[in-house]
Amino acid sequence: MEANQTLDARGLNCPLPILRTKKTLNAMQSGETLKVVATDPGSLKDMTAFCDQTGNTLLASAQNGGDFEFVIRKV
Amino acid sequence: MNAEPDTRSRILATAREMFHGRSYADVGIQEICEGARVQKGSFYHFFPSKRDLALAVIDDMADDWAHGFVAEAFDQNLPPVERLDYMVDAAYYWQKAAKDIEGRMPGCLFGNLALEISTRDDVMRAKLNAVFERAKDKFRLTLDEAVATGAMAPMNTEDTATAMLAFLEGIILLAKTRNDPDVILRLGPAIKTLRIELAQ
């Protein structure tokens, strides 16, 4: 799934992927999409919780080898 | 390849996880060695005692924090007040992720150790106090900047920074006691409202 922007959070442990995701989304426009690639196994639950709490939409989440990929639409 | 740094790192990482998830007193050198897959002789080559190991664990974790999520949260490019929110987010997501994996919220390693050993070991207490001082300074520099740019009204930034650190440590302790990281999410944002006024 293509997105307006991509954040490479591979190699970062919680909570860094979430903090970087939040920072990146803050600089984006409402309705734009962000693809996040992470390797932290906790990132699936974290990203789901983050979207629930912030109102952003988690459009897709997938595991690709050791990578977890998420696409988020900014609220 | 030099195996020494790897062995030392393994001991540190294992001890850090065990001290954090349980306590300093509860964890013995034997099980640290087993967890890190090292011989006792090798352990003592790096750390003369469990106490020396604990002091190194504090340094190691403080260094990780300083270059990891603390640096990320107190990012100079963020407006000062937003940095406080990022620090609360960091505490929440970190504790939540640990609970998701272990089933138990570990709390703050430094807070846990401070509660456990402050009455028993002045060297460890002083080291933990230095970690808290550095954390407080991050808050104070943020508040100084917020006041200088007019984002916050003048206040006693030194004492307010200390109060903010105490608040954050306090809600992490309460959340740990309830085994519920949502306490941090619910109460954390109020950190921005704390104020110690300047003396009249």
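The questions and answers below go through a predicted model with chains A and B.

Reader: What radius of gyration does chain A have, and how does the value stand against that of a compact globule?
Author: The C-alpha atoms of chain A fill a box of roughly 30 × 25 × 20 Å along the principal axes, and buried residues make up 31% of the 75 residues. For a compact globule with 75 residues the radius of gyration would be near 11 Å, so the value of chain A agrees with it, at 11 Å.

Reader: What share of the contacts in chain A with a separation of 6 or more is due to residues 24 or more positions apart?
Author: Contacts here are between residues whose C-beta atoms lie within 7 Å. Of the contacts in chain A with a separation of 6 or more, the share that joins residues 24 or more positions apart is 61%.

Reader: At what angle do helices α1 and α2 of chain A pack, and what is the hand of their crossing?
Author: Helix α1 of chain A covers residues 16-26 and helix α2 of chain A covers residues 43-54, and their axes are 10 Å apart. The packing angle is about 35 degrees, and the crossing of α1(A) and α2(A) is right-handed.

Reader: Which residues make the contact of α1(A) with α2(A)?
Author: By class, the residues of the contact of α1(A) with α2(A) are three nonpolar, two polar and one charged. From α1(A) come A:Pro17, A:Ile18 and A:Thr21, and from α2(A) come A:Ser43, A:Asp46 and A:Phe50.

Reader: Where in chain A is there a cis peptide bond, and what is its omega?
Author: Most peptide bonds are trans. In chain A, A:Pro15 is found in the loop between β1 (5-9) and α1. The cis peptide bond joins A:Cys14 and A:Pro15, with omega of about 10 degrees.

Reader: How many helices and how many strands does chain B have?
Author: Along its principal axes the C-alpha trace of chain B spans about 60 × 40 × 30 Å, and 34% of the 200 residues in chain B are buried. Among contacts in chain B between residues at least 6 apart in sequence, 66% join residues at least 24 apart. The secondary structure of chain B comes to ten helices and zero strands.

Reader: How far apart are the C-alpha centres of domain 1 and domain 2 of chain B?
Author: The domain assignment of chain B places domain 1 at 4-49 and domain 2 at 68-193. Six residues from domain 1 of chain B and seven residues from domain 2 of chain B take part in the contact, and the side of domain 1 that touches domain 2 divides into three nonpolar, three polar and no charged residues. The C-alpha centres of the two domains of chain B lie apart by 27 Å.

Reader: Which residues of α7(B) and α8(B) meet?
Author: Helix α7 (residues 109-117) of chain B packs against helix α8 (residues 122-148) of chain B at an angle of about 145 degrees, with the axes 10 Å apart, and the crossing is left-handed. The contact of α7(B) with α8(B) has eight nonpolar, no polar and one charged residues. Those of α7(B) are B:Phe110, B:Leu113, B:Ala114 and B:Ile117, and those of α8(B) are B:Met124, B:Arg125, B:Leu128, B:Val131 and B:Phe132.

Reader: Is B:Arg37 buried or exposed?
Author: B:Arg37 sits in the loop between α2 (29-36) and α3 (40-46) of chain B, and its phi is positive, about 55 degrees, although B:Arg37 is not a glycine. Because B:Arg37 has 11 other C-beta atoms within 10 Å, it is exposed.

Reader: What phi does B:Asn179 have?
Author: B:Asn179 lies in the loop between α9 (157-178) and α10 (182-187) of chain B, and with 12 C-beta neighbours inside 10 Å it counts as exposed. Although B:Asn179 is not a glycine, its phi is positive, at about 50 degrees.

Reader: Which helix gives the most to the side of chain B that touches chain A?
Author: In the contact between the chains, 13 residues of chain B meet ten residues of chain A. On the side of chain B that touches chain A, α5 (69-73) and α6 (80-102) of chain B each supply at least two residues, and by class this side has eight nonpolar, one polar and four charged residues. With nine residues, the helix that gives the most is α6(B).

Key. Residues are numbered from 1 along each chain as its sequence is written. Chains are lettered from A and ligands numbered from 1 in the order in which they are written. This is a predicted model: local features need pLDDT of at least 70, side-chain atom pairs count only at pLDDT 80 or more; totals for chains, interfaces and linings use all residues. Axes are lines fitted to C-alpha atoms, for helices over the stretch in contact, and angles run from 0 to 180 degrees between N-to-C directions. Helices (H or I, at least four residues) and strands (E, at least two) are DSSP runs, numbered from the N terminus. A crossing is left-handed if the near helix is turned anticlockwise from the far one by less than a right angle, and right-handed if clockwise. Two residues are in contact if their C-beta atoms, placed from the backbone, lie within 7 Å. Ala, Val, Leu, Ile, Met, Phe, Trp, Tyr, Cys and Pro count as nonpolar, Asp, Glu, Lys and Arg as charged, and the others, Gly among them, as polar. The radius of gyration is taken over C-alpha atoms; the globule rule is 2.2 Å times the number of residues to the power 0.38. A residue is buried if 20 or more other C-beta atoms lie within 10 Å of its own, exposed if 12 or fewer, and partly exposed in between; C-beta atoms are placed from the backbone. Domain bounds come from an automatic or database domain assignment.
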